[in-house]
Amino acid sequence: MDVAIDGTTAGVDWERVKADLEGDDFDNGRSARALQRSFDQSQHVAIARDGSRVVGTARLLSDGVCNAYLLDVWTASSHRRRGIGSQMVRILADRVPGQHIGLQTDDARMFYAGLGFRAQPEFLSLVVGSWLDNDANR
């Protein structure tokens, strides 16, 4: 089957996506409901589907002016090395012309460098309270 990428979360089985993320060791602890909320509240999303199965995700937060943040870029291990992740990132980048897109990665520097991303000298972060301790995860 061909993989199709679209910009809607309609029809996504978030419980299955959560299970697939766990199986790929890409889960960050959000519940399926919180994962859905993260995508539903993002300005731009890219969902890769092989039939009815979600095999890739990416989302982008943007102020609509100059800054955007790329998150949750994942391709199912069964579908990697086919250009799906690159295509999702390009689709999202095309939605924010003229904006700086930031991201955070632990082990995909070469992937993002291949898409034109460059390392920044420093990234700082803060978790308010305890990680994922909020209404979306209760």
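Biologist: Which residues does Ser62 touch, leaving aside those up to four places away in sequence?
Modeller: In this predicted model, Ser62 touches Gln43, Asn67, Ala68, Val96 and Gln99. Contact here requires heavy atoms within 4.5 Å.

Biologist: Why is Ser62 called buried?
Modeller: Its relative accessibility is 13%. Buried means under 20%, so Ser62 counts as buried.

Biologist: What makes the pair Ser62 and Gln99 a polar contact?
Modeller: Their side chains are joined at 2.7 Å. The cut-off is a pair of N or O atoms within 3.5 Å, one able to donate a hydrogen and the other to accept it, and therefore 2.7 Å falls within that limit.

Biologist: Where does Ser62 sit?
Modeller: Ser62 lies in strand E3, which spans residues 53-62.

Biologist: How do you know that E3 and E4 pair?
Modeller: Pairing takes at least two bridges. E3 and E4 (residues 67-75) have six bridges, so they count as paired, in the antiparallel sense. Gly56, for instance, stands opposite Thr75 in E4.

Biologist: And what is the order of the strands in the sheet?
Modeller: The order is E1-E2-E3-E4-E5, in an open sheet with mixed pairing.

Biologist: What makes E1 and E5 edge strands?
Modeller: Strand E1 (3-6) and strand E5 (100-103) each pair on one side only. Neighbouring strands of this sheet are turned by 20 degrees against each other on average, direction ignored.

Biologist: Which strands does helix H2 touch?
Modeller: Helix H2 (residues 32-40) packs on the sheet and touches E2 (44-50), E3 and E4. The direction of H2 makes about 50 degrees with that of E3.

How values were computed
Residues are numbered from 1 along each chain as its sequence is written. This is a predicted model: local features need pLDDT of at least 70, side-chain atom pairs count only at pLDDT 80 or more; totals for chains, interfaces and linings use all residues. Side-chain values use heavy atoms; hydrogens and water are left out. Helices (H or I, at least four residues) and strands (E, at least two) are DSSP runs, numbered from the N terminus. Axes are lines fitted to C-alpha atoms, for helices over the stretch in contact, and angles run from 0 to 180 degrees between N-to-C directions. Buried means under 20% relative accessible area, exposed over 50%, partly exposed in between (1.4 Å probe, protein chains only).
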